[in-house]
Amino acid sequence: MTRSALIERTADLARRTVVPAGRRGRALLAAVLALALTAVVGGHLISRAGQLPEDAAFRIGDRVVSVEELDDEVDTLKALYGVQPPTEPAALDAFRRDAAKAYAVALILERAAQDGGIVIADKSAQDVFDRYVSDQLGEGADARRQLVEALGNAGTSERAVLVEVKRQLAVGQLLEQVTRDVSVSDDDVASAFDERRAEIDTPELRHLANMVLPDERAADDAAARVRAGEPFAEVARQVSNDAATRDQGGDLGTVPAAPLEDAYAAAAFAATPNDVFGPVQGLHGWNVGTVLEVTPPAPAVYEQVLEPLRAQLELERSTQAWREWLAARISDAAVQYADAYRPADPDAPPATGPAAQDPAPAAPVPPGTSPPR
């Protein structure tokens, strides 16, 4: 196994060290860790008497975090999570500021865990780490030596990794403390079912095949060949520019209308089965498609979606409770950043996902593996 492969495997460690009980805990913690490690929450800037030391990145309470300490933290995150600083100057500047905010949030959470009486024994973190090494790299001194060497080459160490593991274990317990009183009643679920029918009901689905051509004339020619009797799949294999589907005869699988480009969705969902539709101009060329099968829409059955919907509501409420709690902790911490490390929006409240409708992406656990317990 190469050293780079060892580092990549080590990156899985943090994603699998802390798993609170239940689906809600797993999903919410995934969002929380992503939040802390990608700096999507803000710090709070205040003016203080005097200047920060020249080598300081930020001050939190009485603690001054130096640029060197912050760089060491980034090195650990590079080894654990594959975080890579960009090379373009403007992007690198934003990365540096985000890294400072991420570390400040991590320290805020660390202090909050201590204030909450959460203590993670060294042995607990070491056991998690040892179990990971054994599961992924095998038993014996040679496996550990290779891993330690790989971490060293990445600019970090086993000790730094263990600090990160302890931090995550503490955040997991802190998360449970903050969200333990969140609950969802049967009436809440019933109301959400009525309000979210458009999201919950299964929309009409269509099994589509498609070919992409460079211009309208080529698309017209391809459509004419199919209409004249040539199998759609054979024509697609010969002329489609879509390398992802060409060898499968243009098969797109069974899809709803929502993810399709508007013009293409309108044509595809107006066509009758086995008819050819198009050409339709899209972002990547001119499309010619056919409908292989239609699955009618189906209304959701309350009894079938009851528990998944309850879990979603619990997750949303827990996420909101965590965001509000963390926003207050960030404000109370009064972080002072050096000019070169001040985040773009230091007062921003926490965010937990790429969009409001995706509050907590699932933890990326490789197939065939499970989080260590």
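**Talking through a predicted model**

Reader: Is Gln84 buried or exposed here?

Author: Gln84 counts as exposed, because its relative accessible area is 55% and the cut-off for exposed is over 50%. Please keep in mind, as we go on, that this is a predicted model.

Reader: OK, and where is Gln84 in the chain?

Author: Gln84 sits in the loop between helix α3 and helix α4, the latter covering residues 89-115.

Reader: Which residues does Gln84 touch?

Author: Leaving aside residues up to four places away in sequence, Gln84 touches Lys78 and Phe95. As for Phe95, which is 11 residues from Gln84 along the chain, the C-alpha atoms of the two are separated by 9.3 Å.

Reader: What about contacts between residues at least 24 apart?

Author: If you take the contacts between residues at least 6 apart in sequence, 76% of these contacts join residues that are at least 24 apart.

Reader: Which helix is Glu164 in?

Author: Glu164 lies in helix α7, which runs over residues 158-179 and also holds Glu158.

Reader: Why do Glu158 and Glu164 count as buried?

Author: The cut-off for buried is under 20% relative accessible area. Glu158, at 18% relative accessibility, therefore counts as buried, and Glu164 is buried because its relative accessible area is 3%.

Reader: So what does Glu158 touch?

Author: Not counting residues up to four places away in sequence, Glu158 touches Gln126, Phe129, Arg144, Val148 and Leu151.

Reader: Switching topic, which residues form the negative surface patch?

Author: That negative surface patch is formed by Glu54, Asp55, Glu68, Asp71 and Asp72. One of these residues, Asp71, is found in helix α3, which covers residues 67-81.

Reader: How would you class Asp71 by its relative accessible area?

Author: Asp71 is partly exposed, because its relative accessible area is 40% and the partly exposed class lies between the buried cut-off of 20% and the exposed cut-off of 50%.

Reader: Now the backbone: where is there a cis peptide bond?

Author: A cis peptide bond joins Gly278 and Pro279, with omega at about 5°. Pro279 belongs to strand β5, which spans residues 276-282.

Reader: And which residue other than glycine has a positive phi?

Author: Asn274 is one of them, with phi near 75°, and you can find Asn274 in the loop between helix α12 (262-268) and strand β5. Ala334 also has a positive phi, of about 50°, although Ala334 is not a glycine.

Reader: Where does Ala334 lie, then?

Author: Ala334 lies in the loop between helix α13 (302-333) and strand β7 (336-337).

Reader: Are those two, Asn274 and Ala334, buried or exposed?

Author: Asn274 counts as exposed because its relative accessibility is 61%, whereas Ala334 counts as buried because its relative accessibility is 12%.

How values were computed
Residues are numbered from 1 along each chain as its sequence is written. This is a predicted model: local features need pLDDT of at least 70, side-chain atom pairs count only at pLDDT 80 or more; totals for chains, interfaces and linings use all residues. Side-chain values use heavy atoms; hydrogens and water are left out. Contact means heavy atoms within 4.5 Å. Helices (H or I, at least four residues) and strands (E, at least two) are DSSP runs, numbered from the N terminus. Buried means under 20% relative accessible area, exposed over 50%, partly exposed in between (1.4 Å probe, protein chains only). Patches are made of residues with over 30% relative accessible area and no salt bridge: like charges are joined within 9 Å, nonpolar side chains (Val, Leu, Ile, Met, Phe, Trp, Tyr) within 5 Å. Accessible areas come from the Shrake-Rupley method with a 1.4 Å probe; for residues, only the protein chains shown count as cover. A salt bridge is a side-chain nitrogen of Lys or Arg within 4 Å of a carboxyl oxygen of Asp or Glu. Lys and Arg count as positive and Asp and Glu as negative; His and the chain ends are not counted. The place of a charge is taken as NZ of Lys, CZ of Arg, CG of Asp or CD of Glu.
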